[in-house]
Amino acid sequence: MLKTATAIFLGLATSFTFFLLSPAPKSTFHSLYTSASLSDNTSIAHHLYTLTRRPHVAGSEANADAAAYVLSVFTSVNIKSHIASYEVSLTYPAHRSLSLTRPPPEPPTTFSLRQEIYDGDPYADVSDQVQPTFHAYAKSGTVSAPVAYVNYGRVEDYVTLKEMGVNVSGTVVLAKYGEIYRGHIVKNAYEAGAIGALVYTDRKDYGGGGGDTRWFPDDKWMPPSGVQVGTVYNGLGDPTTPGWASTGDCERLSEEEVEKGGDVPLIPSLPISAADGETILRSIGGHVAKEDWQGSKDAPTYRVGPGPGIVNLSYTGKQIIGTIQNVIGVIEGAEEPDRFVILGNHRDAWTFGAADPNSGTAALLQVRDPDNPSQSLYDSWVGSSNSPLIGRLGDGGSDFAAFVQHVGIPATAMFFGGGYPVYHSMYDDFIWMQKFGDPMFHRHVAVASVWGLVALWLADEEFLPYNYLSYARELQTYTKDLKVEISDKNISLTPLFKSIEELQKAAATVINQRKAIEERKGWASIWNKDHLKVRELNDRLMMAERAFTDQDGLSQRSWYKHLIYGPSKHNDYESKSFPGINDAIEEAKYVNTAEAWHLVQHEVWRVSRAVRHASLILNGELT
């Protein structure tokens, strides 16, 4: 039986869940995840095939059917489960059109905006169920203007264009997917004065580099007609119910209130294919773009414009209140059923979703390396000369954001690989996964194994495996980097360094207290007092992360309340340390006033107070 905690599985359909029900001792539980028996990947492949047999976008009947399937898997292995439904604001495309006018004698072009099926496509019969290519929560409207090429649409790209003497105000910009979150591509375009945005998947980044490269179904690369769809909403959750649950009878903001909130786009946008993007690029004149802005070896020369090509972009979205479902299964712990370990993965997909999201989330620990079974995954990882350090969970677009950024619950996100060419396109299907993503499903088995091991580790360990000494060391590193950045700005970081020292002392005290309990433990003390001391110490370890949040949140981004880690203001995919301080520094560098730099000092004090608060909690003192 589980020793200390309650484990919750949200919307999962992987085959490992039933193992947690066995009344075997802890060692047997762990051996189930490291044994050779898990090389049988049939059940994982079956689950993935079933979940991805047709498109299942949020709010659709197909996604409700997928929820029912997950529920049936849980109940079949006697996991107490239920479905929790919510009524949320969703958008779908009602009308889209895009045309290009070039100087005579070139004829105008009207784009089909369609992802093409291929010969022998086993999903051809359900391809019409894929939503037309669109950006969720895009602004409806029709615009016509010269087109300007803006590389990835980053803030620094617009700085480069300004240095080149290029003004994008009043244009429709053409940007590449790849470096920043698509919502910020559109937002940056608006702030630069553009009246519309087109975002395409460049062959250099997603198509294998062009030339004689083959693409799906013959290779892993995105076909020329492939389009990465997705949301351009810059917030989290339902835009009409910020900060509260979207139940049927709840308070909702109006469309006007949502727009004033600043998290939905204020200009129309559309995702387009590599083929359509190159056609438009051929219509753009003006300065030749920088070398690192250019495309694949056989692509046309990229110029920045604006014009002479003129695009006419029209988009109308349909907004509805639709039903979505969370599937929740609970396995109660034997000793502390009020403690929870939460495992989750979103289920809805923009199209078929074989990789995102239905391949699941990954983790890392005592599991065979799927690429080299002679060694453990851990040994493979730490032994690699180019193995990455564990990164920050600061970006705001992932499933963990609500836990970490909004509430301050310790979390982890672990996975094999990173980006993949057919992301958010209709080619992200079971065939792509079976042929290119994970042909033998060994990586799926490995992540399921690790996931189970991590859950058992957190549930079974007497003391939570949180090390705030390493946390404090990281904060010291971030602060030293910050000191270099603002060395000439008369900003004092003394309060922050001092609070980090206090955190180090508190973390060391916790370690010593844990050792003291372990050294004097005997059966009598366990059942008399020490189990209460263990619980109280675990309370402090859990609540310390909450202390790094501030109820007022980040300035102009109040939903994000974690002051240590957060998404970049201009890229939801990028993590920043001390995001509030970074936002203030960016603003101060732009306006360069004494008041702006004073606000930087204020943000330093805010972080210092949060770190000191965490120290008090670790010490078990009143805050």
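Is Asp157 buried or exposed? At 2% relative accessibility, Asp157 counts as buried, because this class covers residues under 20% relative accessible area, whereas exposed residues lie over 50% and partly exposed residues in between (1.4 Å probe, protein chains only). The structure is a predicted model, in which local features need pLDDT of at least 70 and side-chain atom pairs count only at pLDDT 80 or more, while totals for chains, interfaces and linings use all residues. Residues are numbered from 1 along each chain as its sequence is written, and side-chain values use heavy atoms, with hydrogens and water left out.

Asp157 takes part in a salt bridge with Arg154, with an N to O distance of 3.0 Å. A salt bridge is defined here as a side-chain nitrogen of Lys or Arg within 4 Å of a carboxyl oxygen of Asp or Glu. Arg154 has 18% relative accessibility and therefore also counts as buried. By the salt-bridge rule, the count comes to 20.

Another of these contacts is the salt bridge between Arg54 and Asp65, whose closest N and O atoms are 2.3 Å apart. This pair links distant parts of the chain, 11 residues apart: Arg54 is in the loop between helix H2 (42–51) and helix H3 (61–76), and Asp65 is in helix H3. Helices (H or I, at least four residues) and strands (E, at least two) are DSSP runs, numbered from the N terminus. Arg54 is partly exposed at 25% relative accessibility, and Asp65 is partly exposed at 35%.

Glu502 and Arg612 also form a salt bridge, and their closest N and O atoms are 3.8 Å apart. Glu502 belongs to helix H14 (residues 494–520) and Arg612 to helix H17 (residues 594–618), so the contact ties together parts that are 110 residues apart in sequence. Glu502 is partly exposed, with a relative accessible area of 27%, and Arg612 is partly exposed at 44% relative accessibility. Elsewhere, salt bridges that share partners join Glu336, Asp338, Arg339, Arg535 and Asp539 into one network.

Charge is also found on the surface, where Glu251, Glu255, Glu256 and Glu257 gather in a patch of negative charge. Such patches are made of residues with over 30% relative accessible area and no salt bridge, like charges being joined within 9 Å and nonpolar side chains (Val, Leu, Ile, Met, Phe, Trp, Tyr) within 5 Å. Gly237 is placed in the loop between strand E8 (230–231) and H7, and with 58% relative accessibility Gly237 counts as exposed. The C-alpha atoms of Gly237 and Ser89 are separated by 9.4 Å, although the two residues are 148 residues apart along the chain.

Helix H5 (residues 182–191) is mostly covered, with seven of its 10 residues buried. These buried residues are Arg182, Gly183, His184, Ile185, Val186, Asn188 and Ala189. After H5 comes Gly193, which has a positive phi, near 100 degrees.

Strand pairing is illustrated by strand E14 (residues 565–568) and strand E15 (residues 571–577), which run antiparallel and are joined by four bridges. Two strands pair if DSSP finds at least two bridges between them. E14 and E15 form a hairpin with two residues between them, and Gly566 stands opposite Lys576 in E15.

How values were computed: Accessible areas come from the Shrake-Rupley method with a 1.4 Å probe; for residues, only the protein chains shown count as cover. Lys and Arg count as positive and Asp and Glu as negative; His and the chain ends are not counted. The place of a charge is taken as NZ of Lys, CZ of Arg, CG of Asp or CD of Glu.
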